[in-house]
Amino acid sequence: MARVRQQRAENTRQAILDGAAVAFDAAGFGGTSLSDVVKHAGVTKGALYFHFSSKEALARTLIDEQFQISSGVPALDAPGLQTVIDLTHRMASGLRGNVRVRAAIRLVIEFGSFTDPDPSPYNTWIDTCRTCLTPAQARGDVMPSLDVHDVATFLVGSFTGIQVTSHVRTHREDLHARITDLWDFLLPGIVPASRISHFDSAGSPECRAELGPAPSA
C-alpha cells in the first residue's frame with residue numbers, strides 16, 4: 001500500500017512538472033501563475049504546494065532537469081570532442097520535441113538576462129564541455145595552443161544564440177542544420193587538420209540513430 005501511495009505521489013509530481021513546463025514554455029516565468037500550472041497539470045493547488053513550495057521551486061526543478069541530457073557523460077570511458085558534438089544535437093532534439101527541455105531553456109535565458117542574472121546553468125554546461133574537451137586535447141584532437149575552458153565558453157554561448165535565432169526564425173525546424181553549421185565552421189579552428197575527419201559535425205552514427213533523422217533546413 002505504501003508503494004502505491006508513493007507511486008501516486010510521484011505521478012502527481014510529474015504531472016505538475018509537465019503542467020509547469022507547458023505553462024512556462026508558453027508564457028515564460030513572469031507570465032505564468034500557479035493557477036496556470038494547476039490548470040495544465042490537472043491537479044489541485046494543495047497538491048502543487050505539497051510537492052513544490054513556490055513557482056520559483058518549480059522553475060528551478062525544470063532548469064535542473066535539462067542536465068539529464070548530459071547525465072551519462074561521467075560514465076563514459078573516453079569522453080571527447082564527438083561527445084560534445086553529440087550533446088549539442090541531443091539538446092537540439094530536446095528543444096524540438098520535449099516541452100520540459102524547452103521550458104528549462106526559456107527559464108535559463110530569462111533568469112540569465114538583465115535583472116539579477118543567474119549564470120549557474122551556463123557554467124554547468126561550460127564545465128561539462130570542458131570535461132570532455134580536456135581529454136580530447138590530451139589525445140591530440142584539440143589544438144594544444146587553445147584554452148579548453150575558453151573553447152567551452154564560446155561553444156555554450158554560440159549554441160545559446162543559435163537556438164534562440166532558430167526559434168525566432170523557424171520555430172527550431174532548422175536547429176540541427178544550424179548546429180551542424182556551427183561545428184563545420186568551428187572544427188577547422190580547434191582541431192588539427194589531420195584529425196578533422198575523425199569527427200562528424202552532424203552527430204555520431206549512434207547519436208543520429210538514437211535521435212532519428214533530422215528535418216532538412
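View 1. At 5% relative accessibility, Asp174 counts as buried, where buried means under 20% relative accessible area, exposed means over 50%, and partly exposed lies in between (1.4 Å probe, protein chains only). The model shown here is predicted, so local features need pLDDT of at least 70 and side-chain atom pairs count only at pLDDT 80 or more, whereas totals for chains, interfaces and linings use all residues. Residues are numbered from 1 along each chain as its sequence is written, and side-chain values use heavy atoms, with hydrogens and water left out. Asp174 forms a salt bridge with Arg178, the closest N and O atoms being 3.0 Å apart; a salt bridge is a side-chain nitrogen of Lys or Arg within 4 Å of a carboxyl oxygen of Asp or Glu. Arg178, at 27% relative accessibility, counts as partly exposed. Salt bridges link Arg169, Asp174, Arg178 and Asp181 in a network.

**View 2. The salt bridge between Glu65 and Arg100.** Side chains of opposite charge can pair when their charged atoms come close. A search of the whole structure finds 14 salt bridges, and in one of these the side chains of Glu65 and Arg100 meet with an N to O distance of 2.7 Å. Glu65 lies in helix H4 (residues 55–65) and Arg100 in helix H6, so this pair ties together parts that are 35 residues apart in sequence. Helices here are DSSP runs (H or I, at least four residues), as strands are (E, at least two), and they are numbered from the N terminus. Glu65 counts as buried at 18% relative accessibility, and Arg100 counts as buried at 13%.

**View 3. Asp127 and Arg130 in helix H7.** The closest N and O atoms of the salt bridge between Asp127 and Arg130 are 3.7 Å apart. Because Asp127 and Arg130 are 3 residues apart in helix H7, they are separated by about one helical turn. Asp127 is partly exposed at 35% relative accessibility, and Arg130 is partly exposed with a relative accessible area of 29%.

**View 4. Asp118 and its polar partners.** Asp118 lies in the loop between helix H6 (99–111) and helix H7 (120–138), and at 16% relative accessibility it counts as buried. Its side chain makes a polar contact of 2.6 Å with the side chain of Arg60 and another of 2.8 Å with the side chain of Ser120. A polar contact is a pair of N or O atoms within 3.5 Å; within protein, one must be able to donate a hydrogen and the other to accept it, and residues adjacent in sequence count only if both atoms are side-chain atoms.

**View 5. Leu133 in the largest nonpolar core.** Of the 34 residues in the largest nonpolar core, Leu81, Leu133 and Trp183 touch the most other members. Such a core is a set of buried Ala, Val, Leu, Ile, Met, Phe, Trp, Tyr and Cys residues joined through side-chain atoms within 4.5 Å. Not counting residues up to four places away in sequence, Leu133 touches Leu81, Val84, Val142, Val148, Val151 and Ala152, where contact means heavy atoms within 4.5 Å.

**View 6. Thr83 in helix H5.** Thr83 has its place in helix H5 and counts as buried at 14% relative accessibility. A polar atom of the Thr83 side chain lies 2.9 Å from the backbone nitrogen of Gly80.
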